[in-house]
Amino acid sequence: MLVVMTGLSDVAVYSGNEDAPSSRTQPVLFSHLTHSGQEKMACLYCHIYVERSSVAGVPSVQKCIGCHEMIATDDPEVKKLLTYWDNQEAIPWRKIYHLPDFVYFSHRMHVNAHIECSECHGNVAEMEVVKKVSSLSMGWCLDCHKKKEAPVDCNVCHK
Amino acid sequence: MDRRLFLKMVGTAGVLGACSQVEEPVKNLVPFVIPPEDVVPGKSTGYASVCQQCPSGCGIVVKVQDGQAKKIEGNPLHPVNQGKLCALGESALQELYNPDRLQTPMKRIGERGSGQWEAVSWEQANQIVVDRLKTLENNKKTDALYCISRPLKGHLNQIFNAFLEGFGSPHDYRYTFLDDTVLQKANALCFGIHGQVEYDLAQTNYLLSFGANFLETWRAPVYFSKAYGDFRQGKTRQTRGKFVQCEARMSLTAANADQWVSLRPGSEGILALGVAHLILNKGWHDPGLSNQAVAEWRELLSDFKPNQVAKWSDVSEETLLQLAKDFSSIRPSLALCGDAAMAQKSGLFQAVAVNILNIVAGNIGIKGGVQFFDPFESIDENHISWKEIDGIRQKMLSGQVQALILHEANPLFHAPESLRLEDAFKNVPFIVSLSAFMDESSAFSDLVLPLHTPLESFGDLLPSVDGGRRSVGLMQPVVAPLYDTRHVGDILMHWATALEGSVSEHFPWDNFESFLKEVWEEYFFLKGFEDGVGFGVDFKPFWTELLQKGGRWDEKASKPKTIHSPDIPGLGAVIHRKPELELLSGDNFYFIPAPSIFHLDGRGANRPWLQEAPDPMTTITWGSWLEIHPDTAGQLDIREGDLIKISSPEGAIEAPAYLSPGIRPDTLSMPIGQGHTAYGRYAEGRGSNPLKIIVPDFEAETGALAWAGTRVKIAKTGKHVKIAKTEGHTSQMDHQMAMSVSAEEAVRLNQQSSLKPIEALPSRKGVTLPAFFNQALSKYFRPQQNNQANDYRWGMVIDLDRCTGCGACNVSCHAENNLPITGEEAVKTQREINWIRIERYWPKSTEKQETPLFLPMLCQHCGNAPCEPVCPVYATYHTPDGLNAQVYNRCVGTRYCANNCPYEARSFNFVQPEWPQPLTQQLSPDLSVRDAGVMEKCTFCVQRIRTAKEDAKIEKRRVRDGEIQPACVSACPADAMLFGSLLDHESAVSLAASDPRRYRALEHLNTESAVIYLKRIIDA
């Protein structure tokens, strides 16, 4: 009935490294340029929880297959995807944006306050491979919170 | 290798090592393959079920996040617990995620009980059982199969019945240590009724309890705690109920009474009849009784003259007269009997005596008295008493028991040593135990088959009480099974199918789930209710609704049954078997094993939360103790921690002494639940088991074990241990932390008070603080500049007159807030971590009052917080909502804040917390898991506040009053705690804060705390 999701609730220790492992390859070379740039797909089409939950959500394999059962099935990367689907396996995507465990961040509150996705994630429509464009440091968060007169109380973000 | 090459290699390795450390470890984001409909990652979903930790049958809602169960709350719709939950119920999560759970079937390879096992597959295990059973079948010895299961109280019972019956064995038994048989027998004798008996505690005005520990272990503690809260301070009540408890050892229940009547153990029934005798002779009895009935009662009770009763029970004649006067004049009144009072050779006499007292005073079938109802369905279970177990033991010894199925029953733990039950077990050729844990009885079997825990299972349960609102709870699995375990119903069905023949015909279902659906469809759907639900509708949505709600129950209580007057002379047989007055001889003591509020009969001992939770009366954790009166201890030169040898004619055990004024000088008491020889790392080898030295006497009529009737001798062993307890001083000296008023004073305060709730509150314009804060001291209120601009000032009101000190808040807090388990050694050095603790203060010897005061102590979220200015790194500070916040990743661990906190509300992580797998799965991702070196404390469950504020913001509204319930408030069985914004003058918490009984702890320190206590009332 329920599937245990790992990753979302991992209890790892913050390493303090600011550099994203953007050079490392993803298990499937997914292109935001193609999907959200050329095909102009809305972010919310795939990241379905962003308005409802603290996490935006990475699309399920089923979601990908919804289109790719028919589209571009010859593409070698899509073939990889189909293999995952055939085996009913989850895709272990590599995380680009990581927050330490002691920080609470809610996509829901930011999206509902009309913060554009691109303000933090950059214009992914132009990225073949997503790069980390914001430091996610506390100073970076606070700059924006102050500018937009959002709360700067410690307890709002520190959990 | 030369030196140069060696250095080169070392150097290269060092560089490589350094490089690899620079790289950030890859973290993965793993989405669903197919997303489940009702799951939103990062958000918790609630699943309704039924608590299986004790037979009460409370409804629960389990919060599940990302497939892991995080927290259990009471089901607010459920008639038994009405949204509340006790410590044992909260700890079901640590049953599910217990590191010592059995993960595969285990087969014994060494001697019986030697602890040598090998893992086998389910196929192998089932084959072994089926082969054994087939052999019995072939030898025409099917009646040599015995089954002892815990009470099932649901339709699972049918599966067991069908299996044993189909196989051809009449020996399908139910066993539990703390059972109701004596009380049921007494009710059958007095009222001719087997239906559900209800004690309407919430609406009674005078409660007289003979040993019934209804706030701890008796019948349904959460139900009775809720009722007790309303009995004291219910909103619809005219007056506060008065409560007197009669027992030899002051239990937690007695500690909440207005008066504790300490009587000679085993004389409860005599005292009850003494009161009844006085009521009859003074003509204070129920005017509804016919003259003939009065004459018959007088005749029946003629032996129980006050002077005789006073001699037997060691209760003065004045007290006896007072009890009789109050019991008959304060209407309605109610008498209860339970626990140690009935665990005597004369148990039935005691229970019948208390029933007679209720009859004579006219408390039967009335509001606030004893009522009887018809349940939806009665499940007939073949309960066995200890006398019958003794019978089975003899059959085992004579070889009549060829195979034994144990289902979550642990008789070996409870069995007195002298019964030598283990020897009998040795004589059974084949024992299979169905259990999630390797308990004592499983450890003595040949094959252990691991079961799902209740949170992974389907099932249903008839509660033990429901206030006349006929109900059945429904259980559903809330998480996927953790290991390769099975549902017990599925196992029995599998065996039946494999056995073929007649037994398999009893099981036409695929699995237990489909069986359960079918019986519910038949019983609740096709038959329908009186209200017509179920007819002409599709079953599937009805079933889904049942699962969502957690069962089926009436919205209103049905009409109590009419009771016919009893056959008075017929009761003579019981009454004339009154216990003889046996005075203690020589250096003997009465010995009362006390069921533990946390471990109950021992089942809770493998949960670290419950081990670490301080016992309410003694504050002792992680072990056993011997309660002894200070005067007795003084005479025998015994000090706290002295290891005492306690010996009965049947054996001896050792336990450290704890001096408590809450026990008679001629009586000793020990908690039941510790002293396990198996049952996992948290339970094993800890403390000692008082049941081992019980003399195996049985109640004559019912065969119940007289576990409170043993006499013991004690001797010092010369050894001394440090007891792991959390209390500092036994009294509060003159500090006035926990405060009380007399009943008269409380009435006077209420009448004189100009603080009528609404009038006393200032308007929203101008002053924004409730009147309470707006007194002279409030000019010091910090931070003042923020008060105008803020939307909320979170505060809490704790009514000490409702608080029973049960400790459910403490365990609920552990579950919600990732509190570490520090262990016995840490508690000994006062390094335990509690965000909320119950302080128990004994009265000073100069005070008239005998019972202690309880005070839940948590961070007071002071307006003028002493901890804040001393933090050198600004890790603790004040939020605009008035919370005193702690930023863990800023904290450097100077501990200045804790030193400066007058309430000792802060705890420091001295050691790195450990959570053996899979306990980590219970940890909440909504707040940090703290490391060693970090200070932590109550946050008012800021994660719940945050969620509520976010929801409100998105819906463009304010947070509703009552929307936020911190974990302690939501659990509190007696409803003693309220949480909300003190700036909202109509909020429940503001209204309660204007009660004239209000005070703040250490108010003279001007901390302007946000926790407001309401004084306990003592009507002595």
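Residues are numbered from 1 along each chain as its sequence is written, and chains are lettered from A and ligands numbered from 1 in the order in which they are written. In this predicted model, local features need pLDDT of at least 70 and side-chain atom pairs count only at pLDDT 80 or more, while totals for chains, interfaces and linings use all residues; side-chain values use heavy atoms, with hydrogens and water left out.

**View 1. Chain B as a whole.**
Chain B holds 32 helices and 38 strands; these are DSSP runs (helices H or I, at least four residues; strands E, at least two), numbered from the N terminus. The radius of gyration of chain B is 30 Å, close to the 31 Å that the globule rule gives for 1020 residues, so the chain is as compact as a globular protein of that length. That radius is taken over C-alpha atoms, and the globule rule is 2.2 Å times the number of residues to the power 0.38. The C-alpha trace spans about 85 × 80 × 75 Å along its principal axes. Of the 1020 residues, 63% count as buried (under 20% relative accessible area; exposed is over 50% and partly exposed in between; 1.4 Å probe, protein chains only). Among contacts (heavy atoms within 4.5 Å) with a separation of 6 or more, 74% are between residues 24 or more positions apart. The accessible surface comes to about 38100 Å², and carbon and sulfur atoms account for 50% of that area (Shrake-Rupley method, 1.4 Å probe; for residues, only the protein chains shown count as cover).

**View 2. The parallel sheet β12-β11-β10-β13 of chain B.**
Four strands form this open sheet, with parallel pairing; two strands pair if DSSP finds at least two bridges between them. At the edges stand β12 (259–261) and β13 (333–337), each with a single partner strand, so one side of each is left without a neighbour in the sheet. From one strand to the next, the twist averages 15°. Three bridges link β11 (242–246) to β12, and B:Q245 stands opposite B:W260 in β12. Helix α7 (221–233) lies across β10 (206–210) and β11, running at about 130° to β11. Helix α12 (317–329) lies across β10, β11, β12 and β13, at about 130° to β10. Axes here are lines fitted to C-alpha atoms, for helices over the stretch in contact, and angles run from 0 to 180 degrees between N-to-C directions. In the loop between α12 and β13 is B:P332, joined to B:R331 by a cis peptide bond with omega about -15°.

**View 3. The antiparallel sheet β2-β3-β4 of chain B.**
This open sheet has three strands with antiparallel pairing. Its edge strands, β2 (44–50) and β4 (68–74), each pair on one side only. The twist averages 30° from one strand to the next. Six bridges join β3 (59–65) to β4, and B:Q65 stands opposite B:Q68 in β4.

**View 4. Strand β29 of chain B and its partner β30.**
In β29 (836–841), six of the six residues are buried. B:I836, B:I838 and B:R840 are buried on one side, and B:R837, B:E839 and B:Y841 on the other. β29 runs antiparallel to β30 (853–858), and six bridges join the two strands. B:Y841 has B:L853 as its bridge partner in β30.

**View 5. The loop between β21 and α23 of chain B.**
B:S596 is found in this loop, between β21 (589–595) and α23 (608–612), and is buried at a relative accessible area of 9%. Its side chain reaches the backbone nitrogen of B:H599 at 2.9 Å. Beyond neighbours within four places in sequence, B:S596 is in contact with B:T217 and B:I672. B:L600 lies in the loop between β21 and α23 as well; B:L600 has a positive phi of about 55° although it is not a glycine, and it counts as buried at 8% relative accessibility.

B:G623 is placed in the loop between α23 and β22 (626–628) of chain B and is buried, with a relative accessible area of 12%. The C-alpha atoms of B:G623 and B:G673 are separated by 9.2 Å, with the two residues 50 apart along the chain. Leaving aside neighbours within four places in sequence, B:G623 is in contact with B:Q611, B:Q674 and B:R686.

Note on methods: A polar contact is a pair of N or O atoms within 3.5 Å; within protein, one must be able to donate a hydrogen and the other to accept it, and residues adjacent in sequence count only if both atoms are side-chain atoms.
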